[in-house]
Structures are given as C-alpha cells and as structure tokens.
Amino acid sequence: MRYSQMLIPTTRENPAEAEVVSHRLLLRGGFIRKLTSGLYTFLPLGLLTLQKVAAIVREEMNRAGAQELLMPMVQPADLWQESGRWQKYGAELLRFRDRHQRDYCLGPTHEEVITDLARRELRSYRQLPVNLYQIQTKFRDEIRPRFGLMRCREFVMKDAYSFDVSDEAASKSYEVMRDAYHRIFRRCGLDFRAVEADTGTIGGSFSHEFMVLADTGEDTLVICSHCDYAANVEKARVALPEDGMAQEEMAPMARVATPGMKKVERVAGFLGTTPDRVIKTMLYLADGEPVAALVRGDREVQSVKLKNLLGATEVEPMPDDEIWQRTKLPAGYMGPVNIGIRLVADQEVMRMVNAVAGANEKGHHLTGVNPGRDFQPDLTGDLRQITTDDPCPECGGSLTLTEGIEVGHIFKLGTGYSEAMKATFQDRDGTEKHFVMGCYGIGVSRVVAAAIEQNHDEHGIIFPLPLAPFQVIVLNLGVNSEATSRAAEQIYHDLQAAGLDVLYDDRDERPGAKFKDADLIGIPFRVTVGRTWEKEGKIELRRRATGETVTMDYDGAVGRISAMIRDELAGQR
C-alpha cells in the first residue's frame, strides 16, 4: 500500500483525553478516532491490526476443533429472563424496545443465544462434544468508559462455547481451550500469564484469566516466584499457618473510653497494642442489605471474596453518612459484639485472642474480645486481600504483586445455563441430560491496546511482528530523484511479491517527518532508500524493536529481509 493513498492521520501532539499509552499512541498514530464516549472508529491502520489479531485467534480456534458461526448482536429479552440474568446483569446491559414494544438488549455476551441454539439443534450425545465460536462486536454500557480500547462500550470479542456430556468431558474441553489460548497469546508476541480468577457475571465454578503484564493494567495479579501459582488478587487464596492460634489465656471483656479514636492505628496506639490485635469492622450493602465484615486491623476486606462468600449479586461499601441512618451504629466505633446485623468474619479473625474491637458506642472500644465466646459470626471464610507477606497457598513460596491487562477469560460453566433454559440431549442410555458447558472469551480489540501498553518507547509503538498492520515500511527519501524512486519502487514491489505486507512511504515529505511517522506507527522493519543508495548502491534496514540498523546490497536484500521475517514468525508459533 502507498502511504500517499492511505488514510493515516498522524499527529505530533498528545491528545488531552488520553490517559494511558495505548490510547495516546493509537490516536496519534491514526489508528482510531473517537465517535463519542466509549465508541471508536477503526481507521485503516487500526483495522489491519485488528484483523491480524483476529486471524491468529481464528487459526488457533480452528486448530483446536472449534467451529465458527455468527450470532445476532441484538438479543430478545425472553432468553435473558429464562437464564435469570435480565434482572441480575445490571446497568451495563443496554435494554430497549422495538416498534412492537418487545424487549431486547444489545449483546454483551452470548451464553443465552448459544444455549438456545444448542437446545434446538443438538439432540444426541453422538453430536457431542462441540465447540462453537464467533468474532463479533459486543456492547456493554460502561458507566465510565476510559483508556481508549482498554475499556470502551463497543468492542470486538471472540467468544466460544463448548457443550459436553459430562463434567469429565467438559474438563477436557476446558484444557483444550487453555492450551489454545497459550498458543494464541504466544503467537501475538505478548508477555502474559494465565491466572485463577473470579467468574463474575458469567458464572460457573472455575475460571482463568489471561493477563498481559503491564504497569497500566487495571488488575492486580499475585504470582509465586517458586511455582506456577498465579491468581487475580480477587481470587488469590490466603493460606493460614498451622500454628497461628495465639497462646494466651482469655481475659475478661472490658469497655474503655477512646474519645475521637476512629482509626485502627490511633486506637491501637492509645491502648498500647498493635493493629494486628484489633478487629476491624467494615459495613457493606449486600444486595441492599447491611452486613458487617470482620478482618484484622492491619488487613483489608476483598469485596469480591465477600460477595462470593455471601452468595450475593452485588456488594458495595456502605457510605459513612448512611451507616447511622440504616443501622444506628456509630462509624469508627463498630464491633462484632451484639452488633445486631448479619456478621461475616475472615478466617484469621477467628484465631484472635483478647482483641480490641469497637463497642458500638461512640467514643468507646472493647478490650479482651474473643471470637466464639463474645460473638459468633454467621459466616466465616477467606475474606481479606492477600499481601506479599503471605506465603504461596500452593507451595509456601514468596509472592509478588504485579499489574495486568485482561485479554482473555475462560470459564467452566457447568449446567447453570442449560438447566435454567432446559437445554438437554439424549445420553447413551436414553436419558435426558443437561449440557455441561464452557465459555471462552478473548477481547480482540483489547489485545491491540494491551500489545501497545507492553511494547512502546518515547517515539511510538513497537508492534510485535505478528500484530503489525504492515511488516515492512519502505521509505523513499529521494522522491524527486528518478534513480532513487525507481529503486524504492522496485524493492517495494519485490517485497510484496515475496508475500510480505509492505507500506511504501512515497510522500514528498522531509526525511525527519518520515522517520518519525515510521517510529510512531510501529512497523517492525524499516527499509530506507536514500543517500546510501545514491552513493554506494546500498539500502538500510532498521529493526524497530532494537534500533539495530544494517546496510546491505540491493541485490539479495529481499531474500534476506523475507528470511528474517519468516524466522521470527516461526519462532513465535
């Protein structure tokens, strides 16, 4: 493709709206343009990159035995009502009515549609297992779209759904998909980890997220430095030491005045103890009902763990100005003894002896508080945020925390959707059984942004070769020289004939502008035909990722460049 004939509106200034690197460079490089909040037009360069990601995904899904189809983006409400998600999904589900006053939504995901298809078309165990996938536009009405393609409202996604006869067979399908995802992200040239994750609104019993490691990631990952354990911080399990119970006699509980002491650190200092001897009581609304969560004073509640322990659909901290209004409890002085509302405790709290806790009376705390004797929670479990001081729950090794960008998520769904929607097949013995399902998603457009977050420098994007819109850019630095232009044209055509994706910069622009644009849009290999050609009959080849530049004879250059690209692509398969 000739640069002069292509829409590549690069800019030098950083857009004010862009908060992260990928958003800034995608706008500056002319890959995308904003239509309105959370909605973007993919310009030619952006679409080419998107198609590169989709091609890799499609090849590996097909290789894994999945079959591609395409489902409607508009979905009828009755399917969502069958599954029970019409009320549960929340405001991200964009609902509307057609001219006949029938309810519909824009699909944020397609579990209901695919389950409806399966119950109509898959009748017998002989048709199973089957895995069906699509690459399609989704819509989720994010309350705060941000970071460009990282969190927008409309996006391109690959979603796949497996149907099996049993849990054992479904586990095999899950592993096939997990292997396929590893191949996909390796081929994309990304540094990633698969981590244990919460199943969220999709549901199911088990899931893994595929995370691209990047400082700008929205998710925090827990990774063991000694074994393969990795998990999203929302899911990371806290292992309690076997000898963790304090060895001391229980003291009588006493009420003490702590005027103006609302913070754990101040209370502990005032009473001559440490935060780890204080029980912290945090109030939440779980599906609209007040609940008190207990953690040690030096710990933090992990709200997703709390939600899962409660079996709630939604959990949120109760604002201070609502605490008294809803519970008649004084903020800053709350504790578990006779609290009067539902009480859940972190497993660590139940090992505390002679703790300090709020007295549920303004300006007062209790000392000598002992779980079991002085209060009994309704539920107990792993509620707290893991830290780097905790041992790995698998091997006991040390943990690190890092940031990641979710680009893929696989779920073992079980029979939740098939039971709700009465999707069954006839098994070998003639009985009707519910499909055992799996769900497997990849944010195709998000992969583009994640790749840039992980691969850039001060000059622009450094695309991994498999994702670049073009593999080579040829710069003609002598457009007014017939000999230079003839050589640039020839190598452009020869590289194309060799099967490479080539962008030919034939613009009548200053060399500096061409160099800057080439760096900005991140094409992996740059061939320059300019003074070196005119003086010595040689061309320059520069690798964007390393900055390494070599001169080579014109004769044989196409073969050398082609071989370098083929070898690099082969190494990522």
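Tutor: A disulfide is a pair of cysteine sulfur atoms within 2.5 Å. Keep that cut-off in mind for Cys224 and Cys395. The sulfur of Cys224 has its closest cysteine sulfur in Cys395, 3.6 Å away, so the two are too far apart for a bond. Seen from Cys395, the closest cysteine sulfur is that of Cys224, again at 3.6 Å. A search of the whole structure finds zero disulfides.

A word on the source. This is a predicted model, in which local features need pLDDT of at least 70 and side-chain atom pairs count only at pLDDT 80 or more, while totals for chains, interfaces and linings use all residues. Residues are numbered from 1 along each chain as its sequence is written, and side-chain values use heavy atoms, with hydrogens and water left out.

Now the exposure of the two cysteines. Buried means under 20% relative accessible area, exposed means over 50%, and partly exposed lies in between (1.4 Å probe, protein chains only). Cys224 has a relative accessible area of 5%, so Cys224 is buried. Cys395 has 41%, so Cys395 is partly exposed.

Next, Asn232. Asn232 sits in strand E12, residues 230-232. Strands (E, at least two residues) and helices (H or I, at least four) are DSSP runs, numbered from the N terminus. Asn232 has 2% relative accessibility, so Asn232 counts as buried. Its side chain makes a polar contact with the side chain of Glu209, at 2.8 Å. A polar contact is a pair of N or O atoms within 3.5 Å; within protein, one must be able to donate a hydrogen and the other to accept it, and residues adjacent in sequence count only if both atoms are side-chain atoms. Contact in general means heavy atoms within 4.5 Å. Leaving aside neighbours within four places in sequence, Asn232 is in contact with residues including Val195, Met211, Asp219 and Leu221.

Val267 belongs to helix H7, residues 264-270. Its relative accessible area is 2%, so Val267 is buried. Not counting residues up to four places away in sequence, Val267 touches Met261, Val356 and His365. Lys535 lies 79 Å from Val267, C-alpha to C-alpha, and 268 residues away in sequence.

Last, the whole chain. The protein chain has 15 helices and 31 strands. Of its 573 residues, 53% count as buried. Among contacts between residues at least 6 apart in sequence, 70% join residues at least 24 apart. The C-alpha atoms fill a box of roughly 95 × 65 × 50 Å, taken along the principal axes.
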